[in-house]
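Visitor: Could you take me through some aromatic side chains and explain the terms as we go?

Guide: Gladly; here is the model.

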Amino acid sequence: QVQLVESGGGLVQAGGSLRLSCAASGDIFRIYGMGWFRQAPGKEREFVAAISRSGDAIYYADSVKGRFTVSSDNAKNAVYLQMNGRKSEDTAAYYCAVRVAELSLATQLKYDYYYHNWGQGTQVTVPS
């Protein structure tokens, strides 16, 4: 099993930047990919970004493409989400997730039901 701890959330003005971090521990050698999801109050959880362990496969939701960047540091067992050009609609609890088995298609990293473990979440707020 892999344990995840997110950090870096907070309040940032519209147009500002923020970087979220997710540190993994435990059976890290089993990691196939990691993803970021978010859930706003009253809404369903939605995909934000994902990256394979090799870094060869990276995916973004259309709503964040060009503004957010996902990256990883395998030496630190961490994944990051750089959030630029923040909008009020980015306000949500952000969750890091990990997939610990290979997928037939890397694009499946865009779907939350393929992930095995989740972090506790970190709140990001952009005042409107």
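Visitor: Why is Tyr 111 called partly exposed?

Guide: Tyr 111 has a relative accessible area of 38%, and since buried means under 20%, exposed over 50% and partly exposed in between (1.4 Å probe, protein chains only), Tyr 111 is therefore partly exposed. This is a predicted model, in which local features need pLDDT of at least 70 and side-chain atom pairs count only at pLDDT 80 or more, while totals for chains, interfaces and linings use all residues. Residues are numbered from 1 along each chain as its sequence is written, and side-chain values use heavy atoms, with hydrogens and water left out.

Visitor: What makes Tyr 113 count as exposed?

Guide: Its relative accessibility is 60%, so Tyr 113 falls in the exposed class.

Visitor: How do you know that Tyr 113 and Tyr 114 form a tilted pair?

Guide: Rings of Phe, Tyr and Trp (its six-membered ring) pair if their centres lie within 6.5 Å, and planes under 30 degrees apart count as stacked, over 60 as edge-to-face and the rest as tilted. The rings of Tyr 113 and Tyr 114 are 5.0 Å apart centre to centre, with 45° between the planes, so the pair is tilted.

Visitor: What makes Arg 45 lie over the face of Trp 118?

Guide: A charge sits over a ring if NZ of Lys or CZ of Arg is within 6 Å of the ring centre and within 35 degrees of the ring normal; Arg 45 lies over the face of Trp 118, at 3.9 Å from the ring centre. Trp 118 also belongs to one aromatic cluster with Phe 37, Phe 47 and Tyr 115.
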